[in-house]
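The entries below follow the order in which I looked things up.

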Amino acid sequence: MPTIRVSQVSEIEDGGKIVIEADGEQIGIFRIGDDFYAWKNRCPHQGGPICQGRIFNKVIEVLDADLKSRGRDYDEESTHIVCPWHGLEFDIRTGQFAGASDVKIMALDGYPTQVQDGDVYVII
Ligand code: FES
């Protein structure tokens with residue numbers, strides 16, 4: 001399998017991404033901490049440019065004992081990307097749809113990544 005050099009590690013900021021073209025595809029490479037994830041820039045819903053969506057941590061509604069909302073918090077362990085076409089959210093680490101489990105949406109389609117000698121690679 002071909003290995004494509006993407007960039008130096010330092011060129012992708014933590015919580016950021018870059019989009020490259022390789023293998024006839026646009027591919028988004030996302031960084032969360034020291035980990036990198038590569039997903040095709042094609043939403044499994046209707047093909048929207050998922051890699052150009054907003055990135056943020058999963059929103060948690062904080063409820064009191066009476067189940068009244070006390071505002072929002074964010075889950076640092078779950079980072080989502082939101083498709084700019086219809087707003088579906090996907091977990092950047094897994095590619096899985098982050099909405100209700102009874103809604104059947106396929107996961108993002110991606111590639112393995114590798115870091116070697118300070119450079120990020122995608123294995124196509
Ligand atoms: S195409 Fe991405 S949510 Fe519809």
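I began with cysteine 51, which I found buried at a relative accessible area of 1%; here buried means under 20% relative accessible area, exposed over 50% and partly exposed in between, with a 1.4 Å probe and protein chains only. Cysteine 83 also counts as buried, at 4% relative accessibility. I then looked for disulfides, taken as pairs of cysteine sulfur atoms within 2.5 Å, and the structure holds zero of them. Cysteine 51 is accordingly in no disulfide, and the nearest cysteine sulfur, which belongs to cysteine 83, is 9.6 Å away.

Before going further I noted the conventions: this is a predicted model, in which local features need pLDDT of at least 70 and side-chain atom pairs count only at pLDDT 80 or more, while totals for chains, interfaces and linings use all residues. Residues are numbered from 1 along each chain as its sequence is written, and side-chain values use heavy atoms, with hydrogens and water left out.

I checked pLDDT next, the predictor's confidence in each residue on a scale from 0 to 100. The chain has a mean of 95, and 100% of its residues reach 70 or more.

For the sheets, I count two strands as paired if DSSP finds at least two bridges between them. E4 and E8 are joined by two bridges, and I noted tryptophan 39 with glycine 110 of E8 as its bridge partner.

A three-strand open sheet, also antiparallel in its pairing, runs in the order E5-E6-E7. Its neighbouring strands are turned by 50° against each other on average, direction ignored, with axes fitted to C-alpha atoms (for helices over the stretch in contact) and angles running from 0 to 180 degrees between N-to-C directions. Three bridges join E6 to E7, and valine 82 has glutamate 89 in E7 as its bridge partner.

I stayed with strand E6 (residues 69–82) for serine 78, which is buried at 10% relative accessible area. Its side chain makes a polar contact of 3.4 Å with that of aspartate 91; a polar contact is a pair of N or O atoms within 3.5 Å, where within protein one must be able to donate a hydrogen and the other to accept it, and residues adjacent in sequence count only if both atoms are side-chain atoms. Beyond its neighbours within four places in sequence, serine 78 is in contact (heavy atoms within 4.5 Å) with Phe56, Asn57, Lys58, Asp91 and Arg93.

My last entry is strand E10 (residues 119–123), where five of five residues are buried. Asp119, Tyr121 and Ile123 point one way, and Val120 and Val122 the other way. E10 runs antiparallel to strand E1 (residues 3–8), with five bridges, and to strand E9 (residues 113–116), with four. Valine 120 stands opposite serine 7 and is also the bridge partner of valine 115.
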